Amino acid sequence: MLWLRLKEIIGSKVYYYYQNEGIGEWGLLCYDQETDLCQCLKLAEGDTEDYEKYRDHAFCRIMDYCEEGHFPEKAIVAWG
């Protein structure tokens, strides 16, 4: 499971914290809706530079939120 928590939306940029399985330190992601650029500002505990499965899953969900125009404050995302 992946935990997401909205930090803020500034202009076209959406910032979310993400956490792996509800354990460890939160990571921080930024998605720019204008440029379609994803940035990992901080990896969550459990992700590594070589294998970032939680980060990638979080980016997919954040992009879905942008398409829907709906940004939940908190979310738990199951795999699948």
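Biologist: Is Ile10 buried, exposed or partly exposed, and why?

Modeller: Buried means under 20% relative accessible area, exposed means over 50%, and partly exposed lies in between (1.4 Å probe, protein chains only). Ile10 has a relative accessible area of 47%, so Ile10 is partly exposed. This is a predicted model: local features need pLDDT of at least 70, side-chain atom pairs count only at pLDDT 80 or more, and totals for chains, interfaces and linings use all residues. Residues are numbered from 1 along each chain as its sequence is written, and side-chain values use heavy atoms, with hydrogens and water left out.

Biologist: In which strand is Ile10 found?

Modeller: Strands (E, at least two residues) and helices (H or I, at least four) are DSSP runs, numbered from the N terminus. Ile10 is found in strand S1, residues 2-10. Ile10 is 22 residues from Asp32 in sequence. In space, the two are 9.5 Å apart, C-alpha to C-alpha.

Biologist: What pattern does the protein follow along the sequence?

Modeller: The pattern reads β-β-β-β-α-β. That comes to one helix and five strands.

Biologist: What is the order of the strands in the sheet?

Modeller: Two strands pair if DSSP finds at least two bridges between them. Here five strands form an open sheet in the order S4-S3-S2-S1-S5, with antiparallel pairing. Strand S4 (37-42) and S5 are the edge strands, each pairing on one side only. Five bridges join S3 to S4. Within that pairing, Cys30 has Gln39 in S4 as its bridge partner.

Biologist: Which residues touch the most other members of the largest nonpolar core?

Modeller: Nonpolar side chains tend to be buried together in soluble globular proteins. A nonpolar core is a set of buried Ala, Val, Leu, Ile, Met, Phe, Trp, Tyr and Cys residues joined through side-chain atoms within 4.5 Å. The largest one has 17 residues, and Leu2, Leu4, Tyr16, Tyr18 and Ile62 touch the most other members. S1, strand S2 (13-20), strand S3 (23-32), helix H1 (53-68) and strand S5 (74-77) each supply at least two residues. H1 gives the most, six residues.

Biologist: Which residues does Leu4 touch?

Modeller: Contact means heavy atoms within 4.5 Å. Not counting residues up to four places away in sequence, Leu4 touches residues including Tyr16, Trp26, Ala58, Tyr65 and Val77.

Biologist: What radius of gyration does the protein have?

Modeller: The radius is taken over C-alpha atoms, and the globule rule is 2.2 Å times the number of residues to the power 0.38. With 80 residues, a compact globule would come near 12 Å; the protein has 12 Å, which agrees.
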